[in-house]
Amino acid sequence: MATSPKPVKKVPIHLQSSQNRVYIKNGHIVNHDKSFKADIYIEDGIIKFVGPATDINVPGGVRIVDAANKLVIPGGIDPHTHMQLKFGGCVAVDDFYHGTKAAVAGGTTTIIDFVLPEKGESLVEAYDKWRAWADPKVCCDYAFHVGITWWSKSVSEEMKIMCEELGVNSFKMFMAYKGLYQLNDSELLEAFERIRSLNAVAQVHAENGDIIAKNVQKLLSAGVTGPEGHELSRQEEVEAEAVNRACILAHQMKTPLYVTRITSKSSAEIIGRARRSGYVVFGETLASSIGRSMNGVRQQERLYYITSPPIRESAETPRQLMKSLAYDDLQTTGSDNCTFNKEHKELGKSDFTKIPNGVNGVEDRMSIVWEKGVHAGLLDPCRFVAVTSTNAAKIFNLFPQKGRIAVGSDADIVIWNPNATRTISKETHHHACDFNIFEGMVCHGVPEMVLVRGRICVEDGTVRVAEGYGRFVNTPTRPPYLYDVLEGKVQANEEHNGEEHDEHLNGGLKKLDLGALEIEIPYQEPISRTLLSMPGGGGSVASTPSGRGRVEGTRNMQESTFSVSEELDKSGNRSCIRVRNPPGGKSSGFW
């Protein structure tokens, strides 16, 4: 027999002093798995309450933010940045201050940067050096990946120190940059095996460095020295071959693999096929690859766009990559932000091998994904949150501290106006570089307010950040959304949806503790654990980031209850949002 629900008790907020008390009302919260109307109370950088306004008493002295007709989303997580990186005798001009300021301005509240030791350098010493650069400067929270740029017994031993003592759970190997960072297949296998023994995450930069070195030699000998030689030396198949090889090598070692910066349709399809075959592999594409192509870029300007793998020539590639995000062949978007000024790029004007690799993207990533995904009708807002924030949080074991709006999570929050527009320009961006590869692009979707751990850092177009406010965030080993799959611990009816982050459940109510007062609010049943088939799939079961398979023929219980057009646009003018049940729509992110 059904029991009567307990009466709901309102949440009184204590009047004790607090440096960070914010109440967000009337917003539409969008998480990766569902969206809903609710208010949010924040104190001391933590989300303390999510629920209806009728269940909370708000006293004076609290900053009240009205988010009516706006989306309230988790702050973005950029899993791929290179702040103040040394490259070819130059240093990236976005240091950890300018780079994280630009990130926050665009709605990204956490970055994961890379420690890249020089060949022969201790991993621990390189890590200490990067921390000394970052800690005094960062404006938002950050974590580190560590590059395995050479291989030895000492490197293997230091990887354990990274994981057990220094808060790092992911290591990146390079299949390119021959003579500098590149590891051969035997070394890759050793590194993958070591990563698996540490319950960590393997990453690869996937290009065939031997083919590239041979092509570079041929091109220079033939007198091809301009920037066009860069892409000619590393065509799409050179990337695709390495992606396929990396998937096989990692699978043989039973190591979870994250392939960085996918730039071509063929490479994305390889990752999708591997996932449908049961490989625990994830793919990242970049703002630069989904935001533009090289089609139409004048020859004399091409050197400013050089990065590796390159931004592709075909005007169709950005849309193809966005579809791969929609279909879950790819799971995350990064920026690979590594900025140089024009004078630095022009050092390679007569020799494309001397052009410093890297472009901007950390500030514009969120708007570009919205513009090319949601506004274009390929993603819905839930999937947007997944590919810009939540998926990275899950893969690198920051979820649900990051990547989710829920009680107990960090108050990294963006109030997103989908009906506003902004024009990208070097004149208004917050990068330290003197050009922007997205110059003149109009983006629908603007981060009108950005909170970093409860502190309002962006408001009404004004960016107010504090140097050193950001914290280093540990990334624990054994991310469950990877290792539950590898170890066969996930059942079809199990799902980690963030609710385990609540302190405990009692009698159908969430029982929380705000200061000295124990309170209760209604508990929302989590989304069904029912699984989905791939769109157009043939009934195969694929591994997914949450450690679940996808089963054909079952109803999508993760379907969003949120209609963008109905909830946000009451005026009848719907030109800014066009969601038409896209392939990645209706929250079919399988997370």
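**Close-up views of a sheet and its helices**

View 1. Eight strands, with parallel pairing, make up an open sheet in the order 10-13-14-15-16-17-18-19, where two strands pair if DSSP finds at least two bridges between them, and where strands (E, at least two residues) and helices (H or I, at least four residues) are DSSP runs numbered from the N terminus. At the edges lie strand 10 (76–81) and strand 19 (332–334), each of which pairs on one side only. This is a predicted model, in which local features need pLDDT of at least 70, side-chain atom pairs count only at pLDDT 80 or more, and totals for chains, interfaces and linings use all residues. Residues are numbered from 1 along each chain as its sequence is written, and side-chain values use heavy atoms, with hydrogens and water left out.

**View 2. Strands 15 and 16.** Strand 15 (residues 170–174) pairs with strand 16 (residues 201–205) in the parallel sense over five bridges. Within this pair, Ser-170 stands opposite Val-201 in strand 16.

**View 3. Helices 3 and 4.** Helix 3 (residues 153–165) and helix 4 (residues 185–197) pack with their axes 10 Å apart and at an angle of about 30°, the axes being lines fitted to C-alpha atoms over the stretch in contact, and angles running from 0 to 180 degrees between N-to-C directions. Helix 3 is therefore roughly parallel to helix 4, a term for angles under 35 degrees. Ser-156, Glu-157, Met-159 and Lys-160 of helix 3 make the contact with Ala-191, Arg-194 and Ile-195 of helix 4, contact meaning heavy atoms within 4.5 Å.

Notes:
Angles under 35 degrees count as roughly parallel, over 145 as roughly antiparallel, 65 to 115 as roughly perpendicular and the rest as oblique.
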